[in-house]
Amino acid sequence: MSELITTLTVLFGVTSLALAAAKKFNQPVIPTYILAGIIAGLFIEESQILELAQLGIAFLVFVFGLKFDPERLKSVAKESQAATTMQVAVVGVSSYVTAVFLGFTSLDAIYFSIAASLSSSLIGLDLIEREVQLDLIHGRLAESIHLIQDIIALVMATILINQVLTPASILTSLAYASAIVIFALVARKWIYPFVIKQAEGSTEIVMLTGLTLLISYALVAENLGVSIIVGSFAAGLTAAKFPYNSEMIDTLGPVKDFFSIIFFTALGALLNFPTIEVFMTSFVLVVFTNVIKPGVTVVPLLQQGYDSRTSYLTGFSIDQVSEFALIIAIQGYTLGRISNTMFESIILATTASMIISAYTSRNKDLLYEKFSALQVLDSTDRKIEEKRSIEDGIKDHIIVVGYDIQGKNIAENLNEIDQSFVVIENDPERILELQKREENYIYGDVMHDEVWQKARADKAQLIVSTVPLIQISRKILDLETEAEKMLRSENIEEAAELMDQGAYYVSVEDILSSEVITEHVIGVIKDPSYRDELRRKNLLEVRRYIEEEEG
Amino acid sequence: MTPESAILSPSFAIIIVSATVLAFIAKKTKQPPLIAYLFTGIIIGPVFLNLVSETELIAILSELGLGFLLFLIGIEMKLDDIREILKPVGRIAILQTVLQTALAFVIPYALGFTFMETLVIALCTVFGATPVIVKLLSEKDELSTLPSKIDVGVLILQDIYLIIILALFSSGNLTNPGQIGFTLAKVLVMIGVITTVSLASSKYILPKVFKRIADNEHAFFLYGISWAFIFITFSQSLGLSVEVGAFLAGLGLGQIPYNTELKERIRPLTDFFMIIFFSTIGLSLNAQNLLVYWQEALLASGVLMVGNFLIMFYLIDREKFTPETSFIGSLNMTQVSEFSLVVGGIAVTQGYIKGDILGYLSMMALVTMSLSTYLINYNQEIYRKIEHLLERFEDEDKQDVEIESLEDHAVVIGYDETVRPVVEVINDRFDQLVVIDNDSSQTEELSRKGFEYIYGDFRHGEIRKASKLDKAKLVLCIVPDMNVNKRMLSDIGPETTVFAKATNFEDAAELYDLGADYVILENTISGEKTAEYIKIFLEDKEVLDEEIKDEKERIYWRSRE
């Protein structure tokens, strides 16, 4: 017992130090754990922690299932169906062929191509959380790609558990897996809400229910010859109904954190000093993941009509190896199906690709500048001719950047007073709206000079930006025009800086909000009836907005 | 080894599933879940169905549970709070140990056990069951009440006493007084060393370390656990137990401002391990031995429980606390701890007693733990029933330490630039203000201000309870997370005015439906303002220049702060 304690102490201690270092350099969490594991592995016996590590897999996938939103999948998946399918197909096949060419068995090659073609929702979504929040188009695309690929990962996990890969065995396990998942969805709708109501108020019973779900599904999965990965997922899926899942995530979250830390560090500990083979294979895998995969993603996106910035930024958000690939690999490892070389290569490559991906994600705008300067796969010019609608000889107009709620509000007001304006947007959906309302618009990337030329920036009297991104604000300030510039910023220091650099006015969310809130708070304190009036008025307005959007 | 083996190990599966089923039954029949876990072990273990015996994994998880529990207790202990009751608690603990040992000695002796047997039994049955008491009180949210603090204080001191006993028993030499003295001194010195290290780091190292990583929840959790493990290893290497190390680690962490959040993250983990722990108590019981002395055990249990209660009551009352405190404090402490089984086990190994005596001890532990679970669970109700009987104990000199309560207060969830000026306004107009935020960069600044500040994530139950939303007059929540808002809206009272924030219209409408009074929709606020400004710009630019002058100045001014 005390051996285990010492082992865990070394493990956690090393990992804490690693995490401190990682935070300094802003590195993501998972590769840090693996690296910590490599170091810790020099001092500890892996066998001690393997059992605990396996609990980590189960909990990881279980919580993933808990957070999974089948409804969201449907709506989000459509965005990138075409692009994702093409990417997985192209990268999948080419990586498989490459692996075979490098001398690996067919089975090993399959593992290789899974690692190459699927990206990570765990890390990937973390990196783009802000973009998804701001509802930026490339955020949505990346999220969509990740979700679809998670499903593909689950399917692959199911297939690979089979001893022999014949069409019959594959179909059987897929059938069973689907049965389990379908059951989970049905239970989620009909049975689970009833059960969880009984547990209401007791966090312990919620936790126990979660554990029972996990164990039960795992047992069924094992008996049907289905991968425990799918079992854990289905278990989580059963409970994936808001608001019930939040309590379970709260209670089992820390448990999952505990065991998954052990899992990732155990992976690191399992690595031996890389041989030349391992090194080479990892390198090739990283090339596939960080260069070829994003590249292959960009092409179909451009074809679909997205502007080049969006396409590239999406590419940079998906250039990592999925943690599912790791889980599938260790499943293969414990079943003795994957060679040690391939196993270690995948771990090494995953670590490297996640680190690189964090870097590309943070610096994607910069990288995009470099790429577009090289004129690689650039097609904006051609698109813009077709994608604009603007009166000839427009002048003294207002240019509005962004057609979100703010932009719409501004447009509405400008229409009321008959003031001419042009909207610059890069989201195809919003362009459709603009077309419907017959407004002047330019469909393109705000960072490109041509867009501003078409918008006649030199003749405008005012440029208003509704996008709080600093690079866009700076771009606008750089424009050669007499027009006044009203920008938007998320923080006060930035706003002051922008005004120093020539912005006429910068609206800072926080300041405007606090003024309004303070006004209302004082009102409520002073006069009890203020509260009801406030609610009534604003509720009506919100309903009005919603109706308008739908109409 | 397949990924399946760990979770599907039949023992583990059976324990979890049985515990879940029994827990549901317990809930339906309004019993505390703890009983369910105790009975899980008994039913599936060697006593009845004999389906499961303890495996290594289970033993590991179980021991980790105890460690984490004491870690949690350590974090809960705010030294400032305890300082006031440290002296009385110390006195109570020492006297209680002496008196209870005496009582525990008399009973078996009177029942006819040998001297050696009596000695061992006495030493074993003195301890209160820390896990049971802490768990139950924590569930009832009573841990921060005065009786609980007294009880926990006494229990901690008892645990230290226990460690000394364990060290003595394990050393195998109970006959040499010099040996005993030496071991005693060694243990006390070790404990002193670890405590010093823990408290020193708490003052100098920990605040800095945690501040830097507090906003990264993974790191936060990890550091907390690492800290615990480091101390556990440290403690083990000095010959002390897992529990002592964990407790002292927690003690150090309990003094930094981030402890609420840390507690919340550790608690579920502890719960998980503890469920296994309680379930496995039953697993180690041997059916035969259990029933050999059952009559004696029942009798002894009864006498012990009443006796313990009276002793504690007398001691607490003696320290001039109110009768209520004395009563409830004593009611909580009437059981025999599962530690008695641990100590008993060692005694058997060393040959001091035989298995049947261990069975006797087990029976006592089982009976007293089950009964006292109900006593603790219903301690308030029982007190109310017999309140009038205690009038004779009342006295002007007796009073309790005051615990402040929140009412008609304002609660602000989330703290950023938007909220800062509003908080000043609210602080001026409200007597009590609680600010909850989980951004560590603000902690120092905020803990210095005049209002109560809690560092933590509002999604966590303990933090929500601490903010007493149902009694609040005004709630301002600028966290646009729908989960947080929904929880918040379900916690508030009918009189509470709520300001919430949403990122889109559908969410806003939903929040209004759930009871929000005003929903901040950022984009609309600034959109409207901006549109307004544009209109003025078009009419007469100079007018706009004037209009926004103040705002621009404010931006410049605040940017330099």
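Tutor: A surface patch is made of residues with over 30% relative accessible area and no salt bridge, like charges being joined within 9 Å and nonpolar side chains (Val, Leu, Ile, Met, Phe, Trp, Tyr) within 5 Å. A salt bridge is a side-chain nitrogen of Lys or Arg within 4 Å of a carboxyl oxygen of Asp or Glu. Accessible areas come from the Shrake-Rupley method with a 1.4 Å probe, and for residues only the protein chains shown count as cover. The model is predicted: local features need pLDDT of at least 70, side-chain atom pairs count only at pLDDT 80 or more, and totals for chains, interfaces and linings use all residues; side-chain values use heavy atoms, leaving out hydrogens and water. Residues are numbered from 1 along each chain as its sequence is written, while chains are lettered from A and ligands numbered from 1 in the order in which they are written.

Student: About how much accessible area does the nonpolar patch of A:L35, A:I38, A:I39, A:L42 and A:F43 have together?

Tutor: One member, A:L42, lies in the loop between helix 2 (29-41) and helix 3 (46-67) of chain A. Helices (H or I, at least four residues) and strands (E, at least two) are DSSP runs, numbered from the N terminus. Together, the residues of this nonpolar patch have an accessible area of about 520 Å².

Student: Does A:L42 count as buried or exposed?

Tutor: Buried means under 20% relative accessible area, exposed over 50%, and partly exposed in between (1.4 Å probe, protein chains only). Because its relative accessibility is 69%, A:L42 counts as exposed.

Student: Which helix supplies the largest share of the negative patch?

Tutor: The patch consists of A:E541, B:E528, B:E532, B:E546, B:E547, B:D550 and B:E553; Asp and Glu count as negative and Lys and Arg as positive, with His and the chain ends not counted. The place of each charge is taken as NZ of Lys, CZ of Arg, CG of Asp or CD of Glu. In chain B, helix 25 (522-539) and helix 26 (541-559) each supply at least two residues. The largest share, four residues, comes from chain B's helix 26.

Student: Is B:D550 buried or exposed?

Tutor: B:D550 belongs to helix 26 of chain B. Because it has 53% relative accessibility, B:D550 counts as exposed.

Student: What is the relative accessible area of B:N308?

Tutor: B:N308 sits in helix 15 (residues 294-318) of chain B. Neighbours within four places in sequence aside, B:N308 is in contact (heavy atoms within 4.5 Å) with B:Q100, B:L103, B:M333, B:T334 and B:Q335. B:N308 is buried, because its relative accessible area is 1%.

Student: Which residues does B:N523 touch, not counting residues up to four places away in sequence?

Tutor: B:N523 is part of helix 25 of chain B and counts as partly exposed because its relative accessibility is 22%. Its C-alpha lies 9.8 Å from that of B:A502, 21 residues away in sequence. With that sequence limit, B:N523 touches A:I405, A:Q406, A:R488 and A:E509.

Student: What share of the residues of chain B count as buried?

Tutor: The secondary structure of chain B comes to 26 helices and six strands. Chain B exposes about 22,700 Å², of which carbon and sulfur atoms supply 56%. Of its 561 residues, the share that count as buried is 58%.
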